[in-house]
Amino acid sequence: MNSTATTTAPVHPTGGTPTKGLAIGKLGLWGSTVIGIASTAPLFSLAATLGYVVIAVGAQAPIAFVLAFVPMLFTAFAYKELNDDVPDCGTVFTWAAKAFGPRTGWMAGWSIAVAGVLVMANLAEIASAYLLSLIGDGALAENRFVVTTFGCVIIAVMTWVSLRGVEIGERMQQVLLAIQYLAMAAFVVGCLIGFFNGTAPDPTPVSLDWFNPFLADGTGMVQAILLALFIYWGWDTCLALTEETKDPRRTPGRAATLTTVILLVTYVGITVVAMMYAGLGDTGTGLANEAHADDVFSVLAGTAMGPFGWFLVIAVAISALSSSQTTILPTARGTFAMGIYKALPARFAKVNEVTKTPTFSTTLLGVIAIIYYAGMNLVSTDVLADSLLSMGLAIAFFYAIASFACVWYFRRTLFASRRNVFYRLVFPLIGGVFMTWAFVQSAIDMLNPDYGYSQLAGVGGAFIIGVGSLLLGAVLMFVWAMFPGARDFFEKRSLNRDTEVLAPE
């Protein structure tokens, strides 16, 4: 982009309120919610997680998804409270910097960027492999060069779509999400028909025991909750687009809460129906069969949907494809906000004057994701798979920071009302403690060399990637802090508790 096409200075829309130059008033509650749901890749997330959750807790799989939802909802409450007061596309970066100081804010922003790059690479791999498996006899899906090349093309295309403007992305996501839910609805109908007419492979009546956590093994339940916890990640995209919504102080928070509730109903509902149809056996189409635990829908699609089973397979690929684009939006806006407040070089704050999107941040994110994805495929697909597992550490890290930031930022008004006690203290504090536990427990689990797909010097590859990426961020933060351009940020001049938020009212 040349200098005439971009700007880094705050602009004033009609009414005089300074903004960062992003599009104003483009998303309503529905559009925001669609993007939030799409970001979680609900169909793919469930396909890749359901089998392992059933293996861990058996019949108590539905309650595991419910229990994982609770701390995520409490974290969403923290996001909503902070967004109501500080509606900023930097989200946790901005809130943490205001509450705890620049270094905590910087690390929060870095962890969001890390999670975005890791998940984009893996989603591109999944979308590429699934789509290629539908061509001819599926041989292309076994060719690593073809899969990797197509995956890089997918990232490039999704980056281009993101650069074209948030409205175009929203319209595309509405279509892709509709396909996902249409496929899930067809799957549910097929399962219920099979259950009631007796053609299901293992008809299993619904039981209240499925919702009793005390009937599950304690260790297994912990594993299941950790597995289920992170498939809710993505709802916070609503908050990263806060300045581009029609009501920045209310719509994003409502969309985030609505997104988590819709995801809960989706995950629990499909889990129950799948259990009714396929049962809990560890052979054949049973949900506890380890042979297809990483993708239960590919096995059940043909039996539950007959000749239309291919539609569910395509929908899983579309789910990954959709999420890869929506992941770019919050991640790029996070680094964009860091550029605005001088936590990163000024070029990160560039906005296209026509499309109103962060140009450098979005493009750089796509380029890094392509390089990382292609590089990991050259090293080992096992390492790439472990990078997806390690992502949970970064997610738990910035969710915990957001929750505790809510408590500390509002510390002077925590007891001003009964509502404040719950929404600014109790709920965020519980969410923060739970996310901290999730981080620590996940890190301990990842230390085991048998965890995941790779290891180095007796340590699990997922641990090395997860913890190593956060440590790399700490190193880069101290390096950047030595540059003159970073002084305003690290000395709390460009962003502090009293800094004006550059967002429209």
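Y52 is found in helix 2 (residues 42-57); helices are DSSP runs of H or I with at least four residues, numbered from the N terminus. The model is predicted: local features need pLDDT of at least 70, side-chain atom pairs count only at pLDDT 80 or more, and totals for chains, interfaces and linings use all residues. Residues are numbered from 1 along each chain as its sequence is written, and side-chain values use heavy atoms, without hydrogens and water.

Y52 counts as partly exposed, at 32% relative accessibility (buried is under 20% relative accessible area, exposed over 50%, partly exposed in between; 1.4 Å probe, protein chains only). With I55, L227, L389 and Y453, Y52 forms a nonpolar patch on the surface. Together these residues have about 410 Å² of accessible area (Shrake-Rupley method, 1.4 Å probe). Such patches take residues with over 30% relative accessible area and no salt bridge, nonpolar side chains being joined within 5 Å and like charges within 9 Å.

Seven salt bridges were counted (a side-chain nitrogen of Lys or Arg within 4 Å of a carboxyl oxygen of Asp or Glu). D84 pairs with K80, the closest N and O atoms being 3.2 Å apart. Both lie in helix 3 (residues 61-85), four residues apart, about one turn of the helix. D84 is partly exposed, at 24% relative accessibility.

R419 and E81 also meet in a salt bridge, at 2.6 Å from N to O. This pair links distant parts of the chain: R419 lies in helix 15 (residues 418-447) and E81 in helix 3, 338 residues apart. R419 is partly exposed, at 38%, whereas E81 is buried, at 2%.

Terms used:
Helix = DSSP H or I, 4+ residues; strand = E, 2+ residues; numbered from the N terminus.
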